[in-house]
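Colleague: I'm new to this one and would like to learn how to read its charged side chains. Could you walk me through them?

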Amino acid sequence: MAEPTVVLEKLSFLEGPRWRGGRIWVSDFYTHRVLSAEPDGSDLRVEATVPAQPSGTGVLPDGRVLIVSMRDQKILRREEDGTLVTHADLSGLARGVLNDMAVDRQGRCWVGCFGFDLMAGEDLATAVVVRVDPDGSAEVVADGVYFPNGTVVRDDTLIVAESFGNRMSAFDIRPDGSLGGRRDWARFGDLPTTRNVGEMLPGLAVVPDGIAEPDAEGAVWVADADHHRAIRVREGGEILDEITLDELQTYAVALGGEDGRTLFLAAAPSFLEHERRDTRDAVLLSTRVEVPLAQ
């Protein structure tokens with residue numbers, strides 16, 4: 001596999017990369033911008049400015065873009081004229097700041113949250129996953145999740161990376177939008193026995209963060225946020241491949257490119273806000289992989 005090359009650089013902290021419309025989209029936390037670019041990083045555009053910090057993005061069936069606004073716990077919708085409006089206010093449902101998101105073909109959002117104040121050093125508390133319907137109504141559909149992070153929908157299954165749970169979980173999506181019970185999609189180890197994140201991290205075999213849309217074989221690329229790598233995982237937990245970075249951590253990934261074989265990696269030296277907010281060390285990298293994005 002080729003050494004990753006730099007697509008974008010001198011950014012604060014990148015999350016939520018997604019390939020859409022022939023461009024790679026990504027959120028830069030501490031410059032409050034949603035960016036898009038050609039796959040080689042050219043023609044960089046600011047697609048939206050989100051004062052309360054952007055994270056995951058998605059697209060409604062009519063083409064309008066949805067953006068997680070983390071700190072005010074809202075989902076924003078970008079109208080055709082470029083203005084941002086509130087699509088849903090999750091402040092009565094979410095616990096802690098909002099995190100990553102997936103939008104399915106029906107226009108429903110599936111959104112996670114932190115559950116506790118990670119940046120302030122609080123002990124782990126489990127969090128919820130919220131479903132937002134196309135009309136902006138919302139409800140909690142899963143609880144007790146260990147830091148729900150990267151999220152994708154495949155057919156009628158919701159896959160959620162639980163960063164502090166040593167696992168990726170799957171939920172069947174029922175016709176009414178409710179979820180069936182949680183099951184392991186991939187288990188990498190036991191649940192943590194401590195709530196202190198600093199003590200917990202060395203015991204986690206994988207810290208699954210952002211995840212890519214499934215590839216043509218049904219496997220998923222996953223950012224392993226504490227082991228300097230991205231891994232390709234099959235349902236059941238088998239690790240099929242990995243890409244290792246020497247100095248940077250990988251926090252999110254996306255499959256795309258014209259033939260679906262370009263893997264984008266959002267990377268930075270660390271995730272802590274006080275280390276990243278005023279620095280510009282984050283990069284978006286890319287490399288080529290054998291199995292393309294599923295069509």
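Colleague: Let me start with Arg234: is this residue buried, partly exposed or exposed?

Modeller: Arg234 is partly exposed, with a relative accessible area of 40% (buried is under 20%, exposed over 50%, partly exposed in between, using a 1.4 Å probe and protein chains only). Keep in mind that this is a predicted model, where local features need pLDDT of at least 70, side-chain atom pairs need pLDDT 80 or more, and totals for chains, interfaces and linings use all residues. Residues are numbered from 1 along each chain as its sequence is written, and side-chain values use heavy atoms, leaving out hydrogens and water.

Colleague: Which residue does Arg234 form a salt bridge with?

Modeller: Side chains of opposite charge can pair when their charged atoms come close. Here Arg234 pairs with Glu238, with 2.6 Å between the closest N and O atoms; a salt bridge needs a side-chain nitrogen of Lys or Arg within 4 Å of a carboxyl oxygen of Asp or Glu. Glu238 is partly exposed too, at 43%.

Colleague: What about Arg288, which partner does its side chain meet?

Modeller: That's Asp259, in a salt bridge of 2.6 Å, N to O. This one links distant parts of the chain, 29 residues apart: Arg288 sits in strand 24 (residues 282–288), and Asp259 in the loop between strand 22 (249–256) and strand 23 (262–268). A strand is a DSSP run of E, at least two residues, numbered from the N terminus. Arg288 has 41% relative accessible area and is partly exposed, and Asp259 is partly exposed at 34%.

Colleague: How many salt bridges turn up in the whole structure?

Modeller: The search finds 27. One of them is between Asp143 and Arg95, at 2.7 Å, N to O. Asp143 belongs to strand 13 (residues 138–145) and Arg95 to the loop between strand 9 (84–89) and strand 10 (98–103), so the pair ties together parts 48 residues apart in sequence. Arg95 is partly exposed, at 32%.

Colleague: And Arg167, buried or exposed?

Modeller: Buried, at 5% relative accessibility. Arg167 lies in strand 16 (residues 167–172). Neighbours within four places aside, Arg167 is in contact (heavy atoms within 4.5 Å) with residues including Tyr146, Arg182, Asp184, Phe188 and Pro208.

How values were computed:
Helix = DSSP H or I, 4+ residues; strand = E, 2+ residues; numbered from the N terminus.
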